[in-house]
Amino acid sequence: MLRSSQPLTGPNRKRCREDEVLLGTVLDEGERGFVIDTRSAQAAKQARMSGGGTEPKSSYPQWRRLHRPLERGRPLQESFIKLVEACNDASINMDRWLSRLESCRWLSHVKAALSTACLAAQCLDREEANVLVHGAEGTDTTLLVTALAQVILDPSCRTLTGFQGLLEREWIEAGHPFHLRCARSAYSHARLKQEAPLFLLFLDCVWQLSRQFPFSLEFGERLLLTLFDNAYASAYGTFLCNNEKERCLCKVKENTHSLWAWLNQPGEKKKYLNPLYSHNALVIWPSVEPQSLQLWQGLFLRWIRSSQYLDEAWAEMQRLVEGN
């Protein structure tokens, strides 16, 4: 599986011989590959006017392009804001609540992300084909798809250590702009153009996987909540800045502590482990049917609903597992 930003073909349909050679070397003679574009066909066409676009079919004859549009900007942020506002409104009745939950379309974004990740995973696992995933800059929905596909396919990415490595590789080192995307959260009245909860959407999708496959992930919900909190406000430097260049210029590694170093302390690590975990070497194919996707109550309702009983149930599960 490969990832990249969009090709810079522009309105004149320019060619890049180096790109053609590079993608050509990935495939053996007679093999086919898939380009999964996380933009709509119309959006990709419009991008030509500003220098972007898509791979010309004639220059990449062994590659088939599939468009699977995923929201990455203001529509996703507005969906997040509407969901948080609905969750914090304790005065609405059931009918109104269900209507607002549907209108915010957050679960539709979850479904679209999981569906596209499953498509990439199926191309790799069942078609045994190479896959190139890209969007506009290659630092948002591209990373969402590649990271989710690896959690679905690779059991090592479902361990605590492997998941940390996945985040480091697919989100931090690959240049997801955390500073821009997670600037003010859903509670700000400002509507920043660059803000969008892509990383939160990824965490929600992983939570859906953990709920559908409760024995297959070594870590639990508490880790996902901690990652969400630290992406928006953190005492650690792991999610600071927008890319590696900025982190080097700010000397983040020299001036801050790593979130991973704190999480991996023996006393802390135990809190984030799933007591029901059992190594599963198989691919985990999630269901994206409406009945299978649920609102992540542990996150979106955490401020209006006590977690006492959930914490007690978790502690009891841990006690029973350790007793055996």
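The model is predicted: local features need pLDDT of at least 70, side-chain atom pairs count only at pLDDT 80 or more, and totals for chains, interfaces and linings use all residues. Residues are numbered from 1 along each chain as its sequence is written, and side-chain values use heavy atoms, with hydrogens and water left out. Helices (H or I, at least four residues) and strands (E, at least two) are DSSP runs, numbered from the N terminus.

**The sheet**

- Four strands make an open sheet, in the order β1-β4-β2-β3.
- The pairing is parallel; two strands pair if DSSP finds at least two bridges between them.
- Strands of a sheet pair through backbone hydrogen bonds, either parallel or antiparallel.
- β1 (2-4) and β3 (63-67) are the edge strands, each with a single partner, so one side of each has no neighbour in the sheet.
- On average, neighbouring strands of this sheet are turned by 20° against each other, direction ignored.
- Strand β2 (residues 33-37) and strand β4 (residues 130-134) run parallel and are joined by five bridges.
- Gly-33 has Asn-130 of β4 as its bridge partner.

**Helices α5 and α6**

- Helix α5 (residues 106-125) packs against helix α6 (residues 141-153) at an angle of about 60°, and their axes are 8 Å apart.
- Axes are lines fitted to C-alpha atoms, for helices over the stretch in contact, and angles run from 0 to 180 degrees between N-to-C directions.
- α5 and α6 are therefore oblique to each other.
- Angles under 35 degrees count as roughly parallel, over 145 as roughly antiparallel, 65 to 115 as roughly perpendicular and the rest as oblique.
- Residues of α5 including Ala-113, Leu-114 and Thr-116 meet residues of α6, among them Leu-144, Val-145 and Leu-148.
- By class, the contact of α5 with α6 has 13 nonpolar, one polar and one charged residues.
- Ala, Val, Leu, Ile, Met, Phe, Trp, Tyr, Cys and Pro count as nonpolar, Asp, Glu, Lys and Arg as charged, and the others, Gly among them, as polar.

**Helices α6 and α7**

- α6 and α7 pack at about 155°, with axes 10 Å apart.
- They are therefore roughly antiparallel to each other.
- α6 also passes α7 in a right-handed crossing.
- The α6 side of the contact includes Leu-143 and Gln-150, and the α7 side includes Phe-163 and Trp-171.

**Two residues with positive phi**

- Most residues other than glycine have a negative phi.
- Arg-13, in the loop between β1 and α1 (17-26), has a positive phi near 55°.
- Arg-13 is partly exposed at 31% relative accessible area (buried is under 20%, exposed over 50%, partly exposed in between, with a 1.4 Å probe and protein chains only).
- Arg-105, in the loop between α4 (94-104) and α5, has a positive phi near 65°.
- Arg-105 is partly exposed, at 44% relative accessibility.

- Thr-142 sits in helix α6 and is buried, with a relative accessible area of 0%.
- Leaving aside neighbours within four places in sequence, Thr-142 is in contact (heavy atoms within 4.5 Å) with residues including Arg-3, Val-133 and His-134.
- Gly-175 lies in the loop between α7 (160-172) and α8 (178-181) and is buried at 13%.

Methods. A crossing is left-handed if the near helix is turned anticlockwise from the far one by less than a right angle, and right-handed if clockwise.
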